[in-house]
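The sequence and structure come first.

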Amino acid sequence: MKRFLLILVAFQFALATSFAQPSWVKKATKSVFTLKTFDANGSLIASSNGFFTGTNGEAVSNYTPFKGASRALIIDAQGKEMQVVSIIGVNDMYDVVKFRVAGNTQPLVLCKSIAPVGSNTWLLPYHEIKNLKNGAIRKAETFQNDYAYYTVAMNMPETAVSCPLLNDAGEVIGLMQQPATSQDTLSYAVSAVFADSLKITGFGMNEASLQLTQIKKELPDDIKDATLVLYLASSQQDSLTYATFVNDFIQKFPQAPDGYTYRAQLESNGGDFIAADNDMKKALQLAEKKDEAHFSFARLIYNKEIYQSAQPFEGWNLDKALSEVREAIKEKSVSPYRQLEAHILFAQQKYDQAFDIYNELTTSDLRSAEVFYSAARCKELLKDTTTMLALMDSTINMFSKPYLKEAAPYLWARANARRNAGKYRDAINDMNEYENLMKATIDDNFYYVRHQTEIQGRLFQQALNDINRAIQMNPQETLYYAEKASLEVRVGLFDDAIATSTESISINPEDSDGYLFLGLAQCLKGNKKEGIPNLQKAKDMGNTQAETLIEKYK
């Protein structure tokens, strides 16, 4: 009996020792913090917990408090506040985020392996070193091969969300998740290694989950991913966010030329050409592929000369742009470099030289509607109408029927070219195709222009239909009434012309065209008694055509 009691006491002592307060608690608690997030007005959104995973401010927590946040801070175990400076990565499915705070930090040690079922765990709340909760792992469900989602036999306080779950050795195995209910006797944790592995990839910068917070996102550590972020951000992010990415890129990768090239573009857009010039020279100095840097410099100068010509900068001109692109071509002759060379020559009005390059590019990997159209423009300005029209046909032939909207600008360009060449009905065919593609955005001017072309092509009924459409879309424009009345006079619809002119006068009595066509229609109908006074009124208002008509019908 005594022996049994001794064994029982020894077992109880061993059990108490097994789950006694671990020795690592005092040190570990220094790595746990409370998190607070705020909206743009400074109002508190939410509070949570988290812990440090690196020495340079890396930390993890749950992502929910960051949604809608413009600012966040943490308060460590010593009561020190540290601002959250960037988001490193998020996973909305498991509600975890990795971020960085400003300053050096003391991290917890992460357990790299999946904790076994049945092993003991400890919950370490913020600022707590006594009476820690512990419990055994009931389940360890693996995901993405290397990580686990744990179910633990433990009742977790709601205030312990995102606190660390540690093993007996003091290594973090999980990040506590929001409990289903406060009475739940089971708790849940997602792998701490998974949370610490989060990062933003090049394409991931535009993920919907990342857009839920206004806090700055950190560039990826991989330079290819970071460069992709810059490329995508240039068209998808607001200007301030993009500028922040560019400066962060330069700070993170000071020896990469891309950052200086992107910043030079920003500086040039803002009119700071001195800074842009210096950054492009820095990019040229650092670039291993000199052709790419020369090409970027040439394109920057060319765009400045085309779109910001009112802001001269000594040393930046089309000659300099041409010199830079030809330096690129010396290093590596590729189609985009040759195309830029042609653009520069075109801007210099060297249409023969530009045409030669565009014509060459029509058989290159850049063969496209744009290249054929550029060649056509050269021939148009060289007054070679026959070749120009043939190249316009080649431009449209790059598209197949039924046309998509990408063909619309080229159809309109060929329509104008055909109209100017006297090929009115061909021009109308192109305008009809254009209308089919752009029906939703076509305005009254389109119908006015097509109306004029139809008159030249002697398609009078179509012309009347189109001028009526123009009037329906812009009923206050008296020019359209004058055009309609003129056409009605031409085809002998005198009563219609009188009605149209009368309506025009009611809209704008100060427009002499209304009286001119009213008087003309009345005279043609034989009513000179009313017609000539209306012509006289048009003359008195300064209409030069009225005097000839008065002489004719008087």
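## The barrel

Six strands form a closed barrel in the order 1-2-3-6-5-4, with antiparallel pairing. Direction ignored, neighbouring strands of this sheet are turned by 40° against each other on average. Strands here are DSSP runs (E, at least two residues) and helices are DSSP runs too (H or I, at least four residues), numbered from the N terminus; two strands pair if DSSP finds at least two bridges between them. Axes are lines fitted to C-alpha atoms, for helices over the stretch in contact, with angles from 0 to 180 degrees between N-to-C directions.

The model is predicted: local features need pLDDT of at least 70, side-chain atom pairs count only at pLDDT 80 or more, and totals for chains, interfaces and linings use all residues. Residues are numbered from 1 along each chain as its sequence is written, and side-chain values use heavy atoms, with hydrogens and water left out.

## Strand pairs in the barrel

Strand 1 (residues 32-38) is largely enclosed by the rest of the structure, because six of its seven residues are buried. Buried means under 20% relative accessible area, exposed over 50% and partly exposed in between (1.4 Å probe, protein chains only). Strand 1 has an antiparallel pairing with strand 2 (residues 44-52) over seven bridges, and Thr 37 stands opposite Ala 46 of strand 2. These two strands form a hairpin with five residues between them, and Gly 42 in the turn has a positive phi of about 90°.

Strand 1 also pairs in the antiparallel sense with strand 4 (residues 71-75), over five bridges; here Leu 35 stands opposite Ile 74. Strand 3 (residues 58-61) and strand 6 (residues 96-101) are an antiparallel pair with four bridges. Glu 58 has Arg 100 in strand 6 as its bridge partner.

## Leu 175

Leu 175 belongs to strand 11 (residues 172-176) and counts as buried, at 0% relative accessibility. Leaving aside neighbours within four places in sequence, the residues in contact with Leu 175 include Phe 51, Val 60, Ser 61 and Val 96, as well as Ser 162, Cys 163, Tyr 188 and Val 190. Contact means heavy atoms within 4.5 Å. Tyr 150 is 25 residues from Leu 175 along the chain, and their C-alpha atoms are separated by 9.4 Å.

## Helices 18 and 20

The axes of helix 18 (residues 478-490) and helix 20 (residues 512-524) come within 10 Å and cross at roughly 15°. That makes helix 18 roughly parallel to helix 20; angles under 35 degrees count as roughly parallel, over 145 as roughly antiparallel, 65 to 115 as roughly perpendicular and the rest as oblique. The contact is made by Ala 482, Ala 485, Ser 486 and Val 489 of helix 18 and by Asp 513, Phe 517, Leu 520, Ala 521 and Leu 524 of helix 20. Seven of these residues are nonpolar, one is polar and one is charged. Ala, Val, Leu, Ile, Met, Phe, Trp, Tyr, Cys and Pro count as nonpolar, Asp, Glu, Lys and Arg as charged, and the others, Gly among them, as polar.

## Backbone features in loops

Most residues other than glycine have a negative phi, and most peptide bonds are trans. Asn 145, not a glycine, has a positive phi of about 70°. Asn 145 lies in the loop between strand 8 (133-143) and strand 9 (147-152) and is exposed, with a relative accessible area of 73%. Arg 458 has a positive phi near 60°, lies in the loop between helix 16 (444-456) and helix 17 (460-473), and counts as exposed at 56% relative accessibility.

The peptide bond from Lys 401 to Pro 402 is cis, with omega near -5°. Pro 402 lies in the loop between helix 13 (385-397) and helix 14 (408-420).
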